[in-house]
Amino acid sequence: MNRIAKFEKVSREQFEKALEGNSLFGGFAAAYDDIKLPERATSGSAGYDFYCPFDLSLAPGEAALIPTGIRSKIDEGWVLMMFPRSGLGFKFRVRLNNTVGVIDSDYYGSDNEGHIMLKITNEGDKLCEVKSGQGIAQGIFLPYGITADDSAEGIRNGGFGSTTK
């Protein structure tokens, strides 16, 4: 197996900044110490489980932007793709708002430290409760290629649409 990436926590300051102004997560800055780095459940698992850093309740129709407290240093030529955990989808119809998250290798150096954020929505008809430390998404590293005539020279700074600004 290729070892092409490393997970790290973002700084405490970055985590607290991501919580500012979010009424769902007020007072959760203390959760920083308990953030778990993503890990695979079995040796045959392709996905690395990402965990919710605090308790969360989502009513039907409600959405939440979850600061994971995680960033990933990824070798060039690889991308981290984020997918919903099947259990939340099957039981509650909770999904990632962008359906599949794309974490590029150059995101790591952004002003927000490459902080991986997950926006989820409860599209079901019952309350979804996620406990601190429960898996909410899974990340899979995939190689990618570029075209022979590629001429991209831009520099990333930020996430959620930052490359089209």
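**Side-chain contacts**

Reply: The charged end of K9 sits over the ring of Y32, at 4.6 Å from the ring centre. For this term, NZ of Lys or CZ of Arg must be within 6 Å of the ring centre and within 35 degrees of the ring normal. K36 and Y51 make a contact of this kind, with the charged end 3.9 Å from the centre of the ring.

The model is predicted: local features need a pLDDT of at least 70 and side-chain atom pairs count only at pLDDT 80 or more, while totals for chains, interfaces and linings use all residues. Residues are numbered from 1 along each chain as its sequence is written, and side-chain values use heavy atoms, with hydrogens and water left out.

Next come the rings. Five aromatic pairs turn up in a search of the whole structure. In one of them, the ring centres of F7 and F50 are 5.5 Å apart and the planes stand at 90 degrees, so this pair is edge-to-face. F7 belongs to strand 1 and F50 to strand 2, so parts that are 43 residues apart in sequence are tied together. F7 and F50 are both buried. Ring pairs also link F7, Y48, F50 and F141 into a cluster. As for the cut-offs, rings of Phe, Tyr and Trp (its six-membered ring) pair if their centres lie within 6.5 Å; planes under 30 degrees apart are stacked, over 60 edge-to-face, and the rest tilted. Buried means under 20% relative accessible area, exposed means over 50%, and partly exposed lies in between (1.4 Å probe, protein chains only). Helices (H or I, at least four residues) and strands (E, at least two) are DSSP runs, numbered from the N terminus.

There are four salt bridges in the structure (a side-chain nitrogen of Lys or Arg within 4 Å of a carboxyl oxygen of Asp or Glu). One of them joins E8 to R71, with the closest N and O atoms 3.0 Å apart. This pair links distant parts of the chain, since E8 is in strand 1 (residues 5-9) and R71 is in strand 5 (residues 70-74), 63 residues apart. R71 has a relative accessibility of 15%, so R71 counts as buried.

Another salt bridge is formed by R12 and D33, at 2.4 Å from N to O. R12 is in helix 1 (residues 12-19) and D33 is in the loop between helix 1 and strand 2 (48-51), so the pair ties together parts that are 21 residues apart in sequence. R12 counts as partly exposed because its relative accessibility is 30%.

R85 and D49 also form a salt bridge, and their closest N and O atoms are 2.7 Å apart. R85 is in the loop between strand 6 (78-84) and helix 2 (86-92), whereas D49 is in strand 2, 36 residues apart. With a relative accessible area of 29%, R85 is partly exposed. D49, at 11%, is buried.

Along the sequence, the pattern is β-α-β-β-β-β-β-α-β-β-β-β-β. Of the 165 residues in the protein chain, 41% are buried.
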